[in-house]
Amino acid sequence: MTTGGLRAARPLFGDISTMPNAAELTLKAAPAHARGVWPRDSLAIAAVLAITALVAAPLISLVVIALTGETEIWGHLARYVIPQALLDTTLLLAGVAIVTSIAGIGCAWLVTAYRFPGRDSLAWLLPLPLAIPTYIIAYVYVDLLDALGPVQQALRAVFGWRNASEYWFPDVRSLGGAILLMGFVLYPYVYLAARAMFQTQSAQLIEVARTLGASRFMLMRHVALPLARPALAVGLSLALLETLNDIGASEYLGVRTLTLSIFTTWLNRGSLPAAAQIACVMLLVVAAFIALERYGRRDRRFAAPVRRPRMVAPITLEGRTKWIATAACCLPVTLGFLLPFVYLVHEVITRGLLIGFDTDLIRHTLTTLALAAIATAIAIVLGLGAAVAARMLRRRPWVGACLTVAGLGYAVPGTVLALGLMSPLVAMDEGLNFMTRSMAGFGVGLVVAGSSAALVIAYVVRFLAIATGSAQAGLARISPHIDDVARTLGTRPFGVTRLIHLPLSRAALGGAALLVFVDCLKELPATLLLRPLNVETLSTYIYQYAARGNFEEGALAALLIVAVGILPVIYVVQLADLTPGSEQPPSSK
Amino acid sequence: MTQASSRSAARFVLAATFAGALAGLTGPAFGQAGEVNVYTYREQKLIEPMLEAFTKDTGVKVNVISASSGLEQRIKTEGANSPADVLLTVDIGRLEDAVKAGISQPIKSDVLDKVVQPQYRDPEGAWYGISMRARVVYVSKERVKQDTITYEELADPKWKGKICIRSGQHMYNNALFAAYIAKHGPAKAEEWLKGLKANLAQKPSGGDRETARDVAAGKCDIGIGNTYYWALMINGGPAQKPWAEATKVILPTFKDGGTHVNISGVVLAKNAPNKANGMKLIEWLAGEKAQHMYADINYEYPVRAGIEINKTVAGYGKLNPDPMPISKIAEHKKAAADLVDKVGFDN
């Protein structure tokens with residue numbers, strides 16, 4: 001009975017959002033905007049195309065690189081490289097998917113649906129591992145858990161073993177280690193997406209389900225999760241793409257991923273074209289997966305009811321259960337954030353990095369902040385623009401394909417993206433130089449490719465997927481019916497976005513801004529290759545020590561990334577908590 | 001002022017600050033008198049003291065971009081407008097890559113020809129070696145009793161399960177394996193690499209520092225690493241010192257040759273806007289002051305004869321570099337990479 005009852009809840013949404021003639025009604029009722037020479041949707045079409053072109057440019061230049069080379073190396077790759085790389089990559093992705101889903105969805109659900117000790121602090125602590133770059137966590141845990149690290153030293157002292165060959169201890173430098181470590185720092189992508197969705201989910205549904213006798217688990221499995229699917233797809237794919245593109249941690253931990261094989265093909269096998277070919281194939285596979293996921297939910301609607309989008313009342317947990325909930329949420333925070341954080345602080349103190357404070361770090365911090373903030377602002381505006389345009393154009397099938405392309409920047413390893421971006425950037429500069437030469441008689445040099453503009457563009461292209469994906473997921477919660485009503489009442493498209501889309505998707509956009517911002521702070525490979533002369537960010541600062549096998553000297557910079565990342569995390573979590581309709585009624589107990 | 005307008009004013013100020021900061025970040029796009037633009041694979045912190053000393057000596061300001069890969073592509077794509085004057089790199093393979101990418105111009109310098117032995121420079125003067133490092137073994141003081149070893153011997157089954165090394169596709173190993181191919185031919189090299197693989201205690205991972213640590217921890221008896229890492233550890237903090245102390249460095253040799261060395265070197269960019277300053281920097285780097293710095297700050301072997309080697313590095317014993325011209329190694333780079341794939345070295 002209960003399951004059937006829950007399923008019966010679905011048509012409720014269907015009724016509202018699939019009203020077939022909503023758009024046509026609007027067209028008839030409010031033809032005022034159709035005046036003029038331009039077709040009604042021209043602005044939206046232009047926006048979608050422009051944003052797609054921005055991301056497509058480096059990808060096309062990558063394809064061009066791929067086409068310049070012969071393909072004879074593929075015999076070798078197919079025989080010796082790809083099978084192993086494919087296996088390692090698949091296992092790594094599957095493992096990270098499991099770890100991030102369990103930690104991300106589980107904690108988001110606990111924190112949203114229940115009250116337990118420490119819940120309010122955990123809500124903002126849980127996303128903090130975001131601020132820790134994957135290669136940093138790899139270094140930290142290898143230092144802690146390797147044979148000469150404090151953990152094994154303590155074990156040897158306790159059990160009287162003389163050296164590492166006398167006992168068994170799990171090796172961090174392994175596929176399993178890589179899965180866990182990356183899972184610890186990447187689950188916040190899933191957590192933030194899941195929480196934003198759980199929070200804005202209508203209380204009505206959950207309460208109906210509860211009334212019908214649904215258990216706690218069934219509630220999550222049959223109501224909350226299916227409704228959160230668009231957001232979860234975005235969160236999980238971000239975590240997985242981040243894993244896919246990682247190079248530092250995988251190499252260090254001895255995992256032979258496809259991305260690593262791109263680099264060895266380029267640098268050692270001496271073929272940039274072949275490397276670009278692997279990257280392109282990888283990109284196609286990723287695009288196919290993204291498209292498949294979208295296709296899988298093509299006919300579903302996820303909009304919340306129009307009236308009273310009230311937050312579900314959290315249940316207060318009692319007895320032993322409440323402590324289990326606390327422990328479950330503390331675990332990922334501790335492993336992904338607190339431990340590495342404490343380790344970094346320890347290194348900063350023991351190495352006296354504060355006493356001999358490198359004053360350049362202030363400049364690097366400001367640089368990093370400025371670049372990340374500008375890129376985030378642009379990415380969010382473009383992402384929201386793309387999502388709104390796609391919403392207006394939802395009857396046109398090619399728009400979905402465009403948005404998939406616009407999200408592919410995230411699917412390319414940073415260095416590869418940087419290589420692809422160079423040509424379009426320099427082409428822009430050459431255009432500018434041609435203009436200034438013919439008009440003013442002198443060239444201006446590389447004003448785009450040679451300046452920080454290159455970095456901002458790279459960040460936007462790379463992280464646009466986060467902004468677009470989150471904006472779309474946020475907008476999916478708003479019934480198109482509301483837009484139609486607003487338009488009928490004479491509101492212009494921009495007005496609809498300002499008055500309806502923005503306020504209602506504030507939590508989703510805030511979360512996206514946070515992710516983009518923190519990702520920009522952490523970004524290393526593209527920054528290394530595209531930065532202008534004399535520009536250093538916090539992550540490149542850490543890198544120069546890491547490259548010498550001495551990353552602890554960069555611990556202060558790593559802490560600065562964390563410190564700079566924490567403030568927006570807290571802000572966004574608060575923002576999400578204040579989302580209209582989330583006022584929490586007193587607990588029923 | 002209403003609250004809304006003061007908030008938007010605050011936002012404007014914020015935006016203006018960022019815009020200002022961004023403008024400040026923009027690097028010089030042109031050749032400028034008294035400056036030189038350096039693209040480097042050497043970490044900035046490493047060469048910073050040297051570049052500062054250069055500026056002090058010559059009054060020429062140095063602008064730097066450092067990256068881990070792709071600088072040749074960057075210079076190539078930037079084309080005629082590229083601000084790059086000098087490319088500093090490690091690894092002979094990368095020096096040859098730069099030449100192949102067509103981004104170099106001959107460095108014609110009698111000063112350099114006198115200082116740098118022919119073995120460590122390009123016959124046409126497209127690149128010059130500036131400093132050297134050897135790929136050697138860190139052995140357990142406790143468990144390895146011999147004082148000499150050959151590279152060939154590393155494949156001897158007596159070391160079964162006793163050797164640690166980082167990824168076979170890492171640049172440093174790639175060069176060592178390429179040197180082996182150059183010395184013994186591909187067939188023998190394959191057999192050797194298989195033997196070495198069979199002797200590994202664990203799947204290749206980590207870096208040279210972890211390799212030393214694994215030896216110290218007893219996971220293996222022999223670790224393969226570069227000369228300067230060990231020196232950095234023994235002279236480093238209290239955390240790292242014990243790793244080095246448990247091991248000693250042996251300079252291996254090829255059976256009928258010397259120790260495998262690789263170089264860090266310089267290339268003059270084809271479209272260098274500050275060519276004269278670029279040349280000034282290149283010659284300065286081969287000068288006595290810089291060569292001393294390479295030896296004492298970076299623990300490398302100076303390429304210039306007569307410069308004192310750092311005490312720690314000198315303690316490894318006398319370096320007897322393999323006489324084969326170093327450019328031979330670059331020729332076999334791809335073959336070495338393919339071989340690593342073929343024997344599944346990293347699996």
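A helix's expected span is 1.5 Å times one less than its number of residues. Keep that in mind for helix α7 of chain B below. What you're looking at is a predicted model.

**Chain A overall**
- Chain A is built with 26 helices and two strands.
- It has 589 residues, and 52% of them count as buried.
- Take the contacts in chain A between residues at least 6 apart in sequence: 85% of these join residues at least 24 apart.

**A helix to look at: α7 of chain B**
- Helix α7 of chain B covers residues 186–199, which is 14 residues.
- From its first C-alpha to its last, α7(B) reaches 20 Å, close to the 20 Å expected at 1.5 Å a residue.
- The buried residues in α7(B) are B:A189, B:W192, B:L193, B:L196 and B:N199.
- If you look down the axis of α7(B), those buried residues fall within an arc of 115 degrees, so they line one face of the helix.
- What do they pack against? Their partners in chain B are β6 (163–164), α6 (171–184) and α15 (333–342).

**The largest nonpolar core**
- This core holds 306 residues, and the ones touching the most other members are A:A194, A:A458, A:F463, A:V516 and B:L87.
- Domain 1 (35–131 + 263–309) and domain 2 (133–260 + 320–342) of chain B both give residues to the core, so it lies between them.
- Leaving out residues up to four places away in sequence, A:A194 touches A:G104, A:I105, A:A108, A:A228, A:A231, A:L232 and A:G235.

How values were computed. Residues numbered from 1 in each chain as written. Chains lettered and ligands numbered in written order. Predicted model: local features only at pLDDT ≥ 70, side-chain atom pairs only at ≥ 80, totals over all residues. Helix = DSSP H or I, 4+ residues; strand = E, 2+ residues; numbered from the N terminus. Buried ≥ 20, exposed ≤ 12 C-beta atoms within 10 Å, placed from the backbone. Contact = placed C-beta atoms within 7 Å. Arc of directions from axis to C-beta. Core = buried A, V, L, I, M, F, W, Y, C linked by C-beta atoms within 7 Å. Domains from an automatic or database assignment.
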